[in-house]
Amino acid sequence: MEKAVPDTTLKSKDKPGEAATPMMAQYLEIKSANPDCLLFYRMGDFYELFFEDAVRASQSLGIMLTKRGKHRGEDIPMCGVPVERANDYLQKLIALGHRVAVCEQLEDPAEAKKRGSKSVVRRDVVRLVTPGTVTEEVLLDPARPNAFAALARARGADGEMRYGLACVDISTGAFTALECAEKDVPSELARLEPREIVLPESLFADDHLRALLQACGAPVTPLGREAGESAAERRLTDFYGVATLDGLGLGSKAEILACACAIFYVERTQKAERPALARPMSQRHAGALEMDAATRANLEISRTLGGEREGSLLSVVDLTATPAGARLLAERIGAPSTDREEIARRHDAAAFFLKHPRLREGLRNRLKRAPDLARALSRLSLQRGGPRDLAAVGLSLLAAREIAHFLSDAEAPAEIAAGLAELSAADVSLQLKIAGSLVEEPPLDRRGGGFVRAGVDAELDEARELRDQSRQVVAGLQARYAEETLIRQLKIKHNNFLGFFIEVPQAQGERLLRAPFENSFTHRQTMADAMRFSTRELVELDARIASAGDRALARELFLFDALAAEILAQSPALQRLGDGFARLDVFSALGELAAQRDWRRPVIDESLDFEIVGGRHPVVEASLKAQGKIFAPNGCELSGGAVAVVTGPNMAGKSTFLRQNALIVLLAQAGSFVPAEKARIGIVDRLFSRVGASDDLARGRSTFMVEMVETAAILNGAGPRALVILDEIGRGTATFDGLSIAWATIEHLHEVNRCRAIFATHFHELTQLTKKLPRLVNLTMRVADHAGEIVFLHEVIKGAADRSYGVHVAELAGLPPSVVARAHHILGELEAADRRAPVEKLIDDLPLFSHAATAQAKAGDPLREALKAIDPDVLSPREALAALYELKMKAGKS
Ligand SMILES: Nc1ncnc2c1ncn2[C@@H]1O[C@H](COP(=O)(O)OP(=O)(O)OP(=O)(O)O)[C@@H](O)[C@H]1O
């Protein structure tokens, strides 16, 4: 990402301050405390960057690199960004994975001067801006959480190493924690999709772990020793102001360490400000369907394999009306429930909104007008909020009341009633106060003032009146001076340097330097075509206006803080209100989805069945529809742990069929209706989805080795409640290797895992396995052959494909006719040879995958076990001899 840059970093022998100007000494000291960040060093209206930071930032931002003074005899590279536009630049830098330390001036330059003419303005870093901790609206994607994850490691009660994973979204205050084994860390991270991962230095030093984390795609940052274990508990109790950790409900040491590490990072990045973080919620018993990182990627849930949101499952099923609703829906689809009752309650809620279109529409229209409460609250708690955030709270309270009233007569099911109860608790007096205090359309930034309504505060009104009256006086003065001097073009203007001044064209200006004007008009500046003057009256007026303006602004900022404090005192209730909005949004959006697309309510039970009638792939269907084409629905029956082997030509729709069944499970258990005429699903607790290596290779993502590692994870991990989708596993190697692996995999799924599975393959030989495996079914894609013209009907039927049509697809793809003809010929020869020595015969000859052998493999070899149990360091010579005899005896038996 970064190009090589000249080595202008601080050398260790560069003691801060050595042979540097006082300002550079200050810079070097602050920079050495923040070596891993680009330092935005405030100088007046600019943030300046120096040395290597300047080189990197100028490259990343495409801004000019200049120089300022010398350090150790060399020019100091410098670039700068205007404070007003800092957010735009920050956005770019964050997107590129940079971290930025924002260093502000902490006093007025005039104050510094009082300490002596050489003193430097006091400065310090007030905040670190990093990808996982931003809160500003322009830096955030409204529909996605913006979280960072903190990882820690501790030995569990059973002596095994366990990992704690804490996830904090400062922009909404959400905080969750969980404990897992190392092997599950990547899948949990894939679910959480953090923008950044932090961990103690000791873990960062573990090469294996670091590689595992870096594969997740988010930047990984080690934290200093202070983030370590020693102060973990105190850090948490201090942050939440509680005496002990008991009330926080964090179960394990690993979770506690991870949460403490997260708090450390929050404090480190936010400095003096304290965000309103919810208490960490342990997800131990959350009961979510497990999916590993490869499955998530493969099912293209939140992003396509190419990394785009467009074309992902979420992009076609997200009809939510608010950003908070979009975030909650993404969370639910990313972690569907395995609790039958909870799923049923969610379906009840979606069904209610499907049945009542008027209520659904009315609610959605009102939600669309409600602002993003969680993010506004978070900015206010970090002192980063503006007048619009105050207004957002007021509008949210108003919307809550309106919605509660609108739905008050409806006989809503439990989940909706719970959301409504949160909304009806909205504080009317706070809402009225906010609405009464702010102007109709308040500005984004509070620093310019102008957001408090007239009539709210007598002191503010008075200061404003003085300021505004004086402005009228300025207008009067301008008219008078113009008349007195007979200069029609005379104007009174204002800038930060001169304050108010009189400007006249150059030619006329000369006159003001002479009698009778030279005593009353004082010359200030000569420009290319104008001259500037002031008068005593104007200077006095300037001071009066400035002080009235300052007083008005100070008073407004005071009122802002008072209102913000009043709001923050209610933040737990307001956060619940935000949750209520998000839940109602998700339910009504799911109702809308079911209505728009004719989706049906699935039946979820405790069986091991799987029965889909007329199922569709939501994304492929949507894209076909956009082209005016129709999706051919397909059913799927895997009840009682059946394994379906799907054969059929390329491009006939196998992959689509496989994935649509996985997506239907995912949607159903997330609480949505599904794209099918009918669906009955015995709860799935783990979902696996894999594509053979060569498909992925095209995208440069995978190798055969990765495919095998992933297949191993499935065969070792899938229990009876799992659903396994395997798309052409084994095709990334030589035919016989691939066939053998595919064959053994199917047998293992059927005999050992005994889970529901769909296996698409090009190895037609495998369809013969039904002879031996009773729960195996063969499915194929129907192909119509109209007088030599082959048409793929995309219809899944029982049976095996009689041929693969690969050569036909090659012809469609435009291979030269001579190559196609030659391929037909070779195919004929090969098929004839195969008839002489068919692989199918092997199916009859080879014994079935032995369950007993698996059991033995799992139990291990007794000789090896006995050997492992011996500790030679503690054996006497006699005991050693006895052990040797025993081993010999065991060897004789096995
Ligand atoms: N049920 C369906 N109804 C209509 N069109 C479909 C259906 N399923 C798939 N298609 C169309 O066929 C195209 C190919 O589908 P898919 O990628 O699933 O085929 P495949 O058999 O897995 O091919 P390959 O073996 O080459 O990967 C899709 O992009 C889609 O346009």
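A residue is called buried if 20 or more other C-beta atoms lie within 10 Å of its own, exposed if 12 or fewer do, and partly exposed in between, with C-beta atoms placed from the backbone. Helices (H or I, at least four residues) and strands (E, at least two) are DSSP runs, numbered from the N terminus. The structure is a predicted model, in which local features need pLDDT of at least 70 and side-chain atom pairs count only at pLDDT 80 or more, whereas totals for chains, interfaces and linings use all residues. Residues are numbered from 1 along each chain as its sequence is written.

Strand S9 (residues 174–180) is largely enclosed by the rest of the structure, because 6 of its 7 residues are buried. Two strands are said to pair if DSSP finds at least two bridges between them, and the pairings of S9 are as follows.

| Partner of S9 | Sense | Bridges | Residues opposite each other |
|---|---|---|---|
| S8 (residues 161–169) | antiparallel | 7 bridges | Asp 169 and Ala 174 |

**Nonpolar cores**

A nonpolar core is a set of buried Ala, Val, Leu, Ile, Met, Phe, Trp, Tyr and Cys residues joined through C-beta atoms within 7 Å. The largest such core has 129 residues, and those with the most contacts inside it are Val 393, Val 724 and Phe 759. Helix H22 (residues 571–597) gives the most to this core, with 11 residues. A second, separate core of 42 residues includes Leu 151, Ala 152, Leu 199 and Leu 277. When neighbours within four places in sequence are left aside, the contacts of Val 724 (C-beta atoms, placed from the backbone, within 7 Å) include Phe 688, Ile 714 and Leu 749.

Helix H24 (residues 654–670) has 17 residues and spans 25 Å from its first C-alpha to its last, close to the 24 Å expected at 1.5 Å a residue, where the expected span is 1.5 Å times one less than the number of residues. Of the 17 residues of H24, 16 are buried, so the helix is largely enclosed by the rest of the structure. Just after H24, Gly 671 takes a positive phi of about 110°.

The ligand is surrounded by 13 residues (C-beta atom, placed from the backbone, within 6 Å), the closest being Asn 650, Gly 653, Ser 655, Thr 656 and His 794. H24 provides the largest share of this shell, 3 residues.

Definitions and conventions
Contact = placed C-beta atoms within 7 Å.
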